[in-house]
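Okay, thanks everyone, I'll keep this short. Have a look at what's coming up on the screen, and then I'll walk you through it.

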Protein chains: 2
Amino acid sequence: MRIEKLREFIAEKELDGALITGKENLFYFTGSSPVLGGYLVVTPDDAVFLVPELEYEEARETSKVPVEKFKTGKDLYERLSSFKLGKLGIEGRTSFSTIQTLKEKAGVNDFATVDDVIKDLRIIKTKEELEVIEAACRIADMAMMAALEEISEGRREREIAAKMEYVMKMNGAEKPAFDTIIASGWRSALPHGIASDKRIEKGDLVVIDEGALYRHYHSDMTRTIVVGSPNEKQREIYEIVLEAQKKGVEAARPGMTAKELDTIVRDVIAEYGYGDYFIHSTGHGVGLQIHEWPRVSQQDETVLKPGMVITVEPGIYIPKFGGVRIEDTIVITENGAKRLTKTERELI
Amino acid sequence: MRIEKLREFIAEKELDGALITGKENLFYFTGSSPVLGGYLVVTPDDAVFLVPELEYEEARETSKVPVEKFKTGKDLYERLSSFKLGKLGIEGRTSFSTIQTLKEKAGVNDFATVDDVIKDLRIIKTKEELEVIEAACRIADMAMMAALEEISEGRREREIAAKMEYVMKMNGAEKPAFDTIIASGWRSALPHGIASDKRIEKGDLVVIDEGALYRHYHSDMTRTIVVGSPNEKQREIYEIVLEAQKKGVEAARPGMTAKELDTIVRDVIAEYGYGDYFIHSTGHGVGLQIHEWPRVSQQDETVLKPGMVITVEPGIYIPKFGGVRIEDTIVITENGAKRLTKTERELI
């Protein structure tokens with residue numbers, strides 16, 4: 001089905017074929033994920049997955065598309081030439097070097113991207129994909145529980161992240177979905193405060209943003225706590241972010257646009273006068289990549305549909321003072337949305 | 001100095017400037033590493049590091065090159081246009097999408113890669129870089145010690161990797177240098193046997209290939225053990241790989257080519273009749289990337305020079321039976337080479 005959709009796009013754009021090289025797209029179309037990568041060629045009447053010799057046996061066992069091996073780059077480009085790919089569909093991130101080599105050694109003379117059809121396919125998750133994403137979210141919940149247990153005055157941010165990532169891996173994750181963020185005190189005002197050697201102090205806001213990569217799929221969740229008792233201002237911004245996040249999760253449903261959802265969340269924060277401190281978009285799609293479609297932002301008018309998986313993650317960041325972000329991964333359902341990350345949100 | 005070398009290349013190739021976007025190259029040239037990336041523009045008489053607004057404060061504190069912020073893609077490409085970059089030097093991995101946008105919105109009409117000058121710079125490590133790589137290698141030694149303590153009959157490969165990566169992070173590593181390989185029993189015959197849910201059994205060969213990412217630099221090391229007592233064949237191939245690896249480390253010196261070093265190592269294994277089972281090259285450069293220049297292979301005639309950091313990692317892989325690989329990260333010195341990973345090699 002996936003290959004068929006790609007073929008329809010090839011026909012529609014009058015391409016001679018498509019070449020897929022991005023790792024998660026290779027997995028998406030073939031079911032295989034060679035460490036050394038590979039080259040999936042799809043033409044109107046053929047589909048072949050070319051892999052380095054070292055990967056041949058494993059790819060043959062896992063790939064739904066017929067597999068061939070190549071020994072050298074010369075072999076590879078000779079085989080590619082044989083498909084007569086004059087006008088070739090490629091992924092937008094295909095490198096300049098690869099494009100030059102395709103021109104020089106495989107006779108390609110025109111390129112177009114196939115990103116749109118890949119987006120249209122991947123943006124709606126199948127039942128099987130949703131099961132894996134739910135499992136990735138359960139692992140993220142376990143890691144968050146570990147964080148909440150471990151965080152205390154005097155511990156270094158990096159130690160907390162080390163323990164969380166250990167819990168993820170012991171529970172089946174391949175690795176963290178991204179560099180785990182533990183941002184305490186003044187660092188909590190940085191939206192991307194990757195765990196550092198800073199020690200956590202009493203009274204610190206601590207933003208914990210983490211997720212697991214499980215069977216190629218990602219999860220993403222943020223919680224914020226205060227070490228000890230929150231002061232008035234910390235509690236105030238926490239309550240605002242919590243209200244905005246809950247309102248977003250409750251409002252999300254099929255038929256609305258990603259932009260509309262962003263507006264609903266953004267308005268809550270703006271009404272309390274903190275609009276200028278919510279310095280990023282409300283969320284993003286999650287799947288084979290940690291950041292994919294749709295973007296829950298003012299720039300994305302994608303209509304939400306059942307099977308889309310997105311984050312809802314408002315935040316308020318006050319330079320030097322600190323920040324709060326609360327985030328869940330959710331799936332759009334037939335009549336609303338369901339939280340896939342389930343850790344309690346009332347933490348302050 | 002680094003920017004100056006890039007400028008000399010720009011002049012030599014008659015380019016209007018160069019645009020650097022690869023994360024480790026941005027770090028190499030600016031000293032800064034924004035999570036959301038950035039755009040370093042170097043022209044004959046200017047150098048500016050353009051970063052997203054969210055990254056501005058942090059980049060300004062860390063960058064050796066003047067920093068400017070942009071709000072939107074439109075701002076970014078308008079600013080890029082102002083440099084009049086008709087013929088632009090780019091990294092070979094620059095994406096098709098970026099190239100299209102540069103053509104359409106920044107007036108670029110010709111591209112050439114600057115990969116050669118970046119390679120020439122980065123292939124020789126400075127004293128400061130070597131100190132960081134040595135520290136990354138010490139962390140790899142600690143993780144290997146943890147692996148040797150943890151591995152026992154009945155444990156899952158992934159549990160061992162989880163513990164190793166925990167040790168890395170607790171000792172200051174940002175993360176593993178690559179997906180940790182724990183390949184036991186029949187899986188040890190896979191050169192890239194990333195830790196799986198397989199349980200380790202008595203009598204298994206176990207290949208442990210790991211490294212740490214520390215302050216942007218990588219380390220890389222492999223050891224192989226047997227759980228319990230090795231049989232005759234296991235001992236035989238272990239001794240051959242050990243002899244080849246030691247001979248390679250002892251032979252490595254300035255003035256010889258990477259290919260010559262590969263031949264010395266390969267010949268040891270071939271003389272014992274296992275040449276067909278050594279199915280990869282002898283090694284690779286290590287630095288800001290886990291695999292960089294030179295390649296210690298039959299295809300790379302780079303002359304070794306002091307300050308180059310490479311791996312020496314022969315292996316023998318016998319399908320279904322198992323495999324052995326032994327690897328150190330080494331640095332080429334004035335008159336030979338020095339091992340930077342120091343875990344004992346006599347483990348069987």
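So, what radius of gyration would a compact globule with 348 residues have, and what does chain A have? The rule puts such a globule near 20 Å, and chain A comes out at 23 Å, which agrees. Keep in mind that this is a predicted model.

Staying with chain A: its C-alpha atoms fill a box of roughly 70 × 40 × 35 Å along the principal axes. In there you've got 10 helices and 19 strands. Of the 348 residues, 58% count as buried. And if you take contacts with a separation of 6 or more, 64% of them come from residues 24 or more positions apart.

Now, where chain A meets chain B. Each side brings residues to the contact: 36 from chain B and 36 from chain A. Together they bury about 2,700 Å², and carbon and sulfur atoms give 68% of that. There are charges there too: four salt bridges go across the interface. A salt bridge you can look up on screen joins the side chains of B:Lys169 and A:Glu165, at 3.0 Å, N to O.

Last stop, the surface. A:Val35, A:Leu36, A:Leu54, B:Ile194 and B:Ile279 make a nonpolar patch of about 350 Å². Take B:Ile194: you'll find it in the loop between strand 8 (181-184) and strand 9 (205-210) of chain B.

Key: Residues are numbered from 1 along each chain as its sequence is written. Chains are lettered from A and ligands numbered from 1 in the order in which they are written. This is a predicted model: local features need pLDDT of at least 70, side-chain atom pairs count only at pLDDT 80 or more; totals for chains, interfaces and linings use all residues. Side-chain values use heavy atoms; hydrogens and water are left out. Patches are made of residues with over 30% relative accessible area and no salt bridge: like charges are joined within 9 Å, nonpolar side chains (Val, Leu, Ile, Met, Phe, Trp, Tyr) within 5 Å. Accessible areas come from the Shrake-Rupley method with a 1.4 Å probe; for residues, only the protein chains shown count as cover. Helices (H or I, at least four residues) and strands (E, at least two) are DSSP runs, numbered from the N terminus. The radius of gyration is taken over C-alpha atoms; the globule rule is 2.2 Å times the number of residues to the power 0.38. Buried means under 20% relative accessible area, exposed over 50%, partly exposed in between (1.4 Å probe, protein chains only). Contact means heavy atoms within 4.5 Å. Buried area is the accessible area (1.4 Å probe) that two parts lose on being put together, summed over both.
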